Amino acid sequence: MADTALVPPTDGIRLPERTASVSTTASRADARTTRFRTLGLVVVFVTQLMLVVDASIVNVALPDIQKALGFTPVGLSWVVTAYALAFAGLMLLSGKVGSMIGAKRALIIGTLVFIIASAAGGLAPTAEILVAARVVQGIGAAIAAPSTLVLIMASTTPGKQRNRALSLFVLASGSGGAIGLILGGVLTTGFGWEWVMFVNVPVGILIVVGALLFLRETDRERARLDVGGAVASTIGMVALIYGFTTAASAGWTDPVALIAFGVALVSLLALLLIERRHHSPVVPLQLFRGPRNVAPLVAMLLVPAGMFAFFYFITLFTQQVLRFSPLATGLSLLPFVVTLVTVSQVVPRFLPRVGEWIVGAIGLGMLAAGLLWLSTLDSHDSFLTGILGPILVMGVGAGMTFAPITAVVMDRAPQEHVSAASSVLQAMQQLGGSIGVAALTTVFVSVTAMSGEAGGVAAAVLGGAVFVLIAFVLFALWGSRVRQEASDEDAPAVASH
């Protein structure tokens, strides 16, 4: 007993200290993990913003580009078309490649290709070199784009965490078009057209560095490339986009457009036959099995088709009818961007309680309502009387629409096909924009000949509203709620390097 009494009572003191030390270390590790995950998601959002901005930033600079490099009017359209064809045409294939090499690696490679092409485009001494640079830009964008959603899905858990991430992703996608117009006006006016290309270089370098530091690689699919599916999907998408682009400028009966549509039809039928038999397809047909899978994808095809009516024809109205400068036109879209930003921040708070189906359907309804209101424009309207109100309603609708639809599409995709679902979703958006260009330009030209430019804009916007209304019906009938996990805020399980 005496010996026992002489033993210092250290165990009861030191053990709590060790426990507290371990707890503190674990807390610091958790905080560091959360910080790295957050910074990684910021890299993803900036990547998406850069790619979307580039699709519109060049439009404002086109007149200056034409003067500087001697483009013909027909040749000038290829500055936009070359990028769109490469981007959309390779989207399905690049999703498969990304799943095989890893989403992080695909994002880095795509971004490097994109910024090298951007630098070459800004330095281009001739029209031909600029168009070639735009093709390579599109290739880089196609490689990087599908990885953005894959990395978001890998870095978040279903529920509040993922809803917030998808809302920020949608914010980058939805506001990028307007930001591109504003930034394009500022850069072209202040520094010259070359800077609509050069601006991508420092942004892209930051993305690459950020990806190397803060993103973890996803699991790679160990399978042979589906060569037949790769060829058929690329030819089919390029031909389809080219057909719609040609129809927009030359008419639906133009022989070149008809040939392109024929090639697209044959290629996509071949793709269907190939993918039915391949064990690791470029486009898994499971993504299109049943109306609950198809309806959100078709909605994401139709909404960009309708939104084209807003971005393109309202900028046409402000410049041609209201006589706004390119910069003033870009600034006139700020109310839409601000509303979209605000709503995108609020939506994740109530989305888990209300559900993606209800929120998405309401958003689509408001988007359609805003376009219908905007279609009442006439030549006597000013920005305040004819445009401000509708674009505020559309900003609310857009903020409630894209994140829920995106979440539903990605949630319904099997885990092994998440990369393919991302590429199909973004291919649908690109294709929808091309459909909107072709169909609504036809409407605009026909009505303008009879009722003037203001009447043509109103009719085209009304056509855009019809696209969104169809999307609303489809999603309201077959939309679904995203599966929730037990804890929304748990740290996600991300694949190791």
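Phe 336 touches Gly 174, Met 307, Phe 310, Phe 311, Ile 391, Met 394, Gly 395 and Ala 398, leaving aside residues up to four places away in sequence; contact here means heavy atoms within 4.5 Å. The model is a predicted one, in which local features need pLDDT of at least 70 and side-chain atom pairs count only at pLDDT 80 or more, while totals for chains, interfaces and linings use all residues. Residues are numbered from 1 along each chain as its sequence is written, and side-chain values use heavy atoms, with hydrogens and water left out.

Phe 336 is also one of the residues with the most contacts inside the largest nonpolar core, together with Phe 310, Phe 313 and Ile 387. This core has 117 residues. A nonpolar core is a set of buried Ala, Val, Leu, Ile, Met, Phe, Trp, Tyr and Cys residues joined through side-chain atoms within 4.5 Å. Buried means under 20% relative accessible area, exposed means over 50%, and partly exposed lies in between (1.4 Å probe, protein chains only). Helix H17 (residues 418-478) gives the most to the core, with 21 residues. Helices (H or I, at least four residues) are DSSP runs, numbered from the N terminus, as are strands (E, at least two). Another core, of 19 residues, lies apart from the largest one, and Ala 61, Leu 69, Val 131 and Leu 187 are among its members.

The helix pairs come next. Two packed helices are described by the angle between their axes and the distance between the axes. Axes are lines fitted to C-alpha atoms, for helices over the stretch in contact, and angles run from 0 to 180 degrees between N-to-C directions. The axes of helix H7 (residues 160-190) and H14 come within 9 Å and cross at roughly 175°. H7 and H14 are therefore roughly antiparallel to each other; angles under 35 degrees count as roughly parallel, over 145 as roughly antiparallel, 65 to 115 as roughly perpendicular and the rest as oblique. Among the residues making this contact are Leu 171, Gly 174 and Ala 178 of H7 and Phe 336, Val 337 and Leu 340 of H14. By class, the contact of H7 with H14 divides into twelve nonpolar, six polar and two charged residues. Here Ala, Val, Leu, Ile, Met, Phe, Trp, Tyr, Cys and Pro count as nonpolar, Asp, Glu, Lys and Arg as charged, and the others, Gly among them, as polar.

H14 has a further partner. Helix H14 (residues 334-354) packs with helix H15 (residues 356-374) at an angle of about 125°, the axes being 7 Å apart. That angle makes H14 oblique to H15. Val 347, Phe 350, Leu 351 and Val 354 of H14 meet Glu 356, Ile 358 and Val 359 of H15. This contact of H14 with H15 has six nonpolar, no polar and one charged residues. Thr 339 touches Leu 392, Gly 395 and Val 396, not counting residues up to four places away in sequence.

What is the angle between helix H10 (residues 227-250) and helix H11 (residues 255-277)? The two pack at about 155°, with their axes 7 Å apart. That makes H10 roughly antiparallel to H11. Sorted by class, the contact of H10 with H11 has 16 nonpolar, seven polar and one charged residues.

Phe 169 is found in H7 and is buried, at 5% relative accessibility. Although 124 residues apart in sequence, Phe 169 and Phe 45 are 5.5 Å apart in space, C-alpha to C-alpha. Is helix H4 (residues 91-101) largely enclosed or open, and how many of its residues are buried? Eight of the eleven residues of H4 are buried, so H4 is largely enclosed by the rest of the structure. H4 is followed by Gly 102, whose phi is positive, near 105°.

Most residues other than glycine have a negative phi. Arg 323, however, has a positive phi, near 65°. Arg 323 lies in the loop between H12 and helix H13 (326-332) and is exposed, with a relative accessible area of 63%. His 417, in the loop between helix H16 (383-412) and H17, is buried, with a relative accessible area of 12%.
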